[in-house]
Amino acid sequence: MDTYRVARLPARVRGFALPDTSKSPEGYVEAGDYLVLEEKARYPTPDTDYARLVAPQLSGLDTWVCTRWRTQRYATLVSQERAPAMARLSFANEPLAIQEERLFALLWAFVDYRYDVSRAYYPWALPGVRVPLAPPRLNNCCTFVEALLVKAFSEAHGAAFSWDARRHRQMMIASTQDYFSPVTAAVESGMALRAPSADVPPHPWTLIQGWRSQWDSGHTFLVLDHHPETDKVLVLESNAAYGLDGVGYRGLGNLRDVGLQPPADWWLRSEVWTWRRICSTYPFRWQGWLKVKAR
């Protein structure tokens, strides 16, 4: 089984943009366990070791910390099966952030939808682009995610949020120049922050573009939450597999069957996927952390 590399900090340490304490301080990382993205031993001299940590509390989402200076150690690096519980972004001061309840309130429009990979219709018009409107109530993974997110953000922020035909083409992955363009569109439009790594466990309300092979069998979906103790992820998507024929929660059922809100104990259900299974199924993927607050 794959393991996570974790840095245990007994006290807070300063973070840096680069593995060099003489340059670019980024603030402090508080004591605790942090997921390690990269390690540099005996760098840039034999006197020091560095590790790049996931640190959502800092503006860059990740930072370098010095883990050793000569015989003094500032962190213990271990391998473990569970990912550490990450600090969660509040987005309270983000001007383009939206309330979680706004997204759940819009899910009613997708209850009667069925999945169709080649025919897709939207429940409402979108700003800046012409899209085919239902009926029939058919959609696919890309159109579901675009319809939900763009409607929620545009209604919340009006003219402060911009969407157009170019962004729509990105959501449809219309160009071979960017196979993760749905995430690019969400980041560039201000709806999301680009995650510090494709492998890091997702933040609540994460947009993922994944591919089963390079570049075939792609899928666009949302992860609403990650449960560190079980590694389970709550996936919201439009699909014709994993117990779905339309919009619903992977392994749990369609919205028309289970309701708009997921079961309270979703992470205890055997049918719910783990993050490790998501990573192995979609080895080519990227993720954007959506600016959703009041979760």
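Visitor: How much area is buried between domain 1 and domain 2?
Guide: About 720 Å² is buried between domain 1 and domain 2, and carbon and sulfur atoms give 70% of that. Buried area is the accessible area (1.4 Å probe) that two parts lose on being put together, summed over both.

Visitor: Which three residues supply 59% of what domain 1 buries against domain 2?
Guide: Tyr-4, Leu-37 and Leu-61, more than any other three residues.

Visitor: What sort of model is this, and how are residues numbered?
Guide: The model is predicted: local features need pLDDT of at least 70 and side-chain atom pairs count only at pLDDT 80 or more, while totals for chains, interfaces and linings use all residues. Residues are numbered from 1 along each chain as its sequence is written, and side-chain values use heavy atoms, with hydrogens and water left out.

Visitor: Where are the domains?
Guide: Domain 1 covers 3-81 and domain 2 covers 98-293, with bounds from an automatic or database domain assignment. Their centres, taken over C-alpha atoms, are 32 Å apart.

Visitor: How many residues touch across the two?
Guide: 11 residues of domain 1 are in contact with 11 of domain 2, contact being heavy atoms within 4.5 Å.

Visitor: How many salt bridges cross that interface?
Guide: Zero by the rule, which asks for a side-chain nitrogen of Lys or Arg within 4 Å of a carboxyl oxygen of Asp or Glu.

Visitor: And how many by this rule in total?
Guide: The count comes to 17. One of them joins Glu-38 and Arg-52, with the closest N and O atoms 3.2 Å apart. Glu-38 lies in strand S4 and Arg-52 in strand S5, so the pair ties together parts 14 residues apart in sequence. Strands (E, at least two residues) and helices (H or I, at least four) are DSSP runs, numbered from the N terminus.

Visitor: Is Arg-52 buried or exposed?
Guide: Buried, at 17% relative accessible area, whereas Glu-38 is partly exposed at 29%. Buried means under 20% relative accessible area, exposed over 50%, and partly exposed in between (1.4 Å probe, protein chains only).

Visitor: What does Asp-231 pair with?
Guide: The side chain of Asp-231 meets that of Arg-276 in a salt bridge of 3.6 Å, N to O. Asp-231 is in the loop between strand S14 (216-227) and strand S15 (232-239), and Arg-276 is in helix H6 (residues 275-281), 45 residues apart. Asp-231 is buried at 4%, while Arg-276 is partly exposed at 21%.
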